[in-house]
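Me: I am new to this structure and would like to learn how to read it. Could you take me through a few features?

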Amino acid sequence: MSNSPDSTDAEHALRLIDHSRAALRQAVRAHRGHLHLWLWGTIWIAMSISVHFRGSGATRFFPFLIAAGIISSIAIGIYQARHIRTPLDKRFFAALGCLVMFALFWPFLFGGIKGPRADIREFAYYSLVAMQIYILAGIWFDNYLLFVGLAVSILILIGLFVFPEIFWLWFAFCCGVPIVLSGFVVRYWWR
């Protein structure tokens, strides 16, 4: 009497493995960060469009939009953690914390961002910091975040140095919209 499986047992086991892989792919695709991309792309569009049409006084509402975005991001993270359970990578969060702390205090070490178009340069600086977070996450976890971070960083710099007269419109359409669109790519077509 042999303990080796026959061909029907092997075929059944392979079907179960394929079914399990398909379910895992569907779960990962449904919870791999597209909601964050949609959220922050929309917030960036709202911020830049509001300044374009209402002037620099609209920047006083930015902290409220950012706070709402952070709260929403935390809620999304909690929701996604219930569907895909992976251990927290403490080294990643330590690196992320160091990046954020350095980025927040760097301008203050040199007296802040001053001069003509300081509001544009400050907004671009903090947007680049956000993209560095994407780049770090892309290096650590998944390439799509690296590509999004690099592409949008380049677009921010182009808007800042090549199109400063129309920076806010540039940012809305060439930085915010690509982040929203990348959420669709991640959700429906990425692997």
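Me: Is Phe161 buried or exposed?

Reply: Buried means under 20% relative accessible area, exposed over 50%, and partly exposed in between (1.4 Å probe, protein chains only). Phe161 has a relative accessible area of 62%, so Phe161 is exposed. This is a predicted model, where local features need pLDDT of at least 70, side-chain atom pairs count only at pLDDT 80 or more, and totals for chains, interfaces and linings use all residues. Residues are numbered from 1 along each chain as its sequence is written, and side-chain values use heavy atoms, with hydrogens and water left out.

Me: Which helix holds Phe161?

Reply: Helices are DSSP runs (H or I, at least four residues), numbered from the N terminus. Phe161 lies in helix H6, which covers residues 143-161.

Me: What do the buried residues of H6 pack against?

Reply: An α-helix has 3.6 residues a turn, so residues three or four places apart point the same way. In H6, the buried residues include Leu145, Val148, Gly149, Val152 and Ile156. The buried residues of H6 pack against H2, helix H5 (118-140) and helix H7 (167-188).

Me: Which residues of H2 are buried?

Reply: Among them are His36, Leu37, Trp40 and Trp44. H2 spans residues 34-54, and Gly55, with a positive phi near 90 degrees, follows H2.

Me: Where is Ser73, and what is Ser73 in contact with?

Reply: Contact means heavy atoms within 4.5 Å. Ser73 sits in helix H3 (residues 62-83). Leaving aside neighbours within four places in sequence, Ser73 is in contact with His36, Leu39 and Trp40. Ser73 is buried, because its relative accessible area is 16%.

Note on methods:
Helices (H or I, at least four residues) and strands (E, at least two) are DSSP runs, numbered from the N terminus. The expected span of a helix is 1.5 Å times one less than its number of residues.
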